[in-house]
Amino acid sequence: MKEHPVTIARQRLILAGLGNVGRSLLGILQSQAALLRDEYGLEFAVVGATDSSGAISDPNGLDIAALLAAKQAGQKVASLPGGQPGVDATALVRALDAEMLMEATPVNLKDGQPGLGTARAALERGISVVLANKAPLALAYPELAA
């Protein structure tokens, strides 16, 4: 029986937060790229990423291995070639074309920021949002769900 070729859906991803969760996601995307492509027809391009120093972006996709190596060496994204000091995830969401946002900034139960503002900006643009940071859900679930 001849197998049919899998149609590949390229998903552009913005990653807000490069702490343990963000770095772990990058590792999974890197180590499981072949499985995601071959079994599920998904190919992820991380087009933007932020940490507390700023942002880095490439509309064609960042080099995940290089980004992971830099973060594991303790570097901030703003210090990397092409890094953008002071640029936050909300600005990236407003500037980049992407299908999804992975929001993994620290939890802030006082006002949900910066995660809540970033999630709102993404949803306003029709970008799907995955929240590792649960503060936006705890503080504004009805709004975000609508």
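Trainee: Where does Gly19 lie?

Mentor: Keep in mind that this is a predicted model. Helix 1 covers residues 20-31, and strand 1 covers residues 9-16. Gly19 belongs to the loop between strand 1 and helix 1.

Trainee: Is Gly19 buried, partly exposed or exposed?

Mentor: Buried needs under 20% relative accessible area and exposed needs over 50%. Gly19 comes out at 32%, so the label is partly exposed.

Trainee: How far is Gly19 from Ser52, C-alpha to C-alpha?

Mentor: Along the chain, Gly19 and Ser52 are 33 residues apart.

Trainee: OK, on to strand 1. Is Ala16 buried or exposed?

Mentor: Ala16 sits in strand 1, residues 9-16. The cut-off for buried is under 20% relative accessible area. Ala16 has 0% relative accessibility, so it counts as buried.

Trainee: Which residues is Ala16 in contact with, leaving aside its neighbours within four places in sequence?

Mentor: Contact here takes heavy atoms within 4.5 Å. With those sequence neighbours set aside, the list for Ala16 is Thr50, Ala89, Leu101, Met102, Glu103, Ala104 and Thr105.

Trainee: And how far apart in space are Ala16 and Ala122?

Mentor: In sequence, 106 residues separate Ala16 and Ala122. From C-alpha to C-alpha, the distance is 11 Å.

Trainee: Let's talk charges. Which residue forms a salt bridge with Asp51?

Mentor: The structure holds 5 salt bridges, and in the one with Asp51 the closest N and O atoms are 2.7 Å apart. This pair links distant parts of the chain, 20 residues apart, with Asp51 in strand 2 (residues 42-51) and its partner in helix 3 (residues 64-72). That partner is Lys71.

Trainee: Are Asp51 and Lys71 buried or exposed?

Mentor: The test for buried is under 20% relative accessible area. Asp51 passes at 15%, so it counts as buried. Lys71, at 12%, is also buried.

Trainee: Which elements does the salt bridge between Arg120 and Glu143 link?

Mentor: The side chains of Arg120 and Glu143 meet at 2.7 Å, N to O. The two residues are 23 apart, and the pair links distant parts of the chain: helix 5 (residues 115-124) and helix 6.

Trainee: Is that pair buried, partly exposed or exposed?

Mentor: Arg120 has a relative accessible area of 30%. Glu143 is at 42%. With the cut-offs at under 20% for buried and over 50% for exposed, Arg120 is partly exposed, and Glu143 is partly exposed.

Trainee: What is the N to O distance in the salt bridge between Arg37 and Asp38?

Mentor: Arg37 is partly exposed at 30% relative accessibility, and Asp38 is partly exposed at 45%. Their side chains meet in a salt bridge with an N to O distance of 3.2 Å.

Trainee: Which residues form a nonpolar patch on the surface?

Mentor: One member, Leu139, is in helix 6 (residues 135-145) and is partly exposed at 41% relative accessible area. Together the patch has about 290 Å² of accessible area. Its members are Val107, Leu109 and Leu139.

Trainee: Last one: which residues are closest to the centre of the largest pocket?

Mentor: The largest pocket holds about 250 Å³ of space. Strand 2 and helix 4 (89-95) are the elements that give two or more residues to its lining. Of the 18 lining residues, the closest to the centre are Gly17, Asp51, Ser52, Thr105 and Pro106.

Technical notes
Residues numbered from 1 in each chain as written. Predicted model: local features only at pLDDT ≥ 70, side-chain atom pairs only at ≥ 80, totals over all residues. Heavy atoms only, no water. Helix = DSSP H or I, 4+ residues; strand = E, 2+ residues; numbered from the N terminus. Buried < 20%, exposed > 50% of the residue type's maximum accessible area, 1.4 Å probe, protein only. Patch = residues over 30% accessible without salt bridge, like charges linked within 9 Å, V, L, I, M, F, W, Y side chains within 5 Å. Areas by Shrake-Rupley, 256 points an atom, 1.4 Å probe, with all protein chains shown as cover. Salt bridge = Lys/Arg side-chain N within 4 Å of Asp/Glu carboxyl O. 1 Å grid on protein atoms, 1.4 Å probe; cavity = no way out; pocket = protein on both sides within 12 Å on 5 of 7 lines; lining within 4 Å. Points joined across faces, edges and corners; volume = space filled by probe spheres on them.
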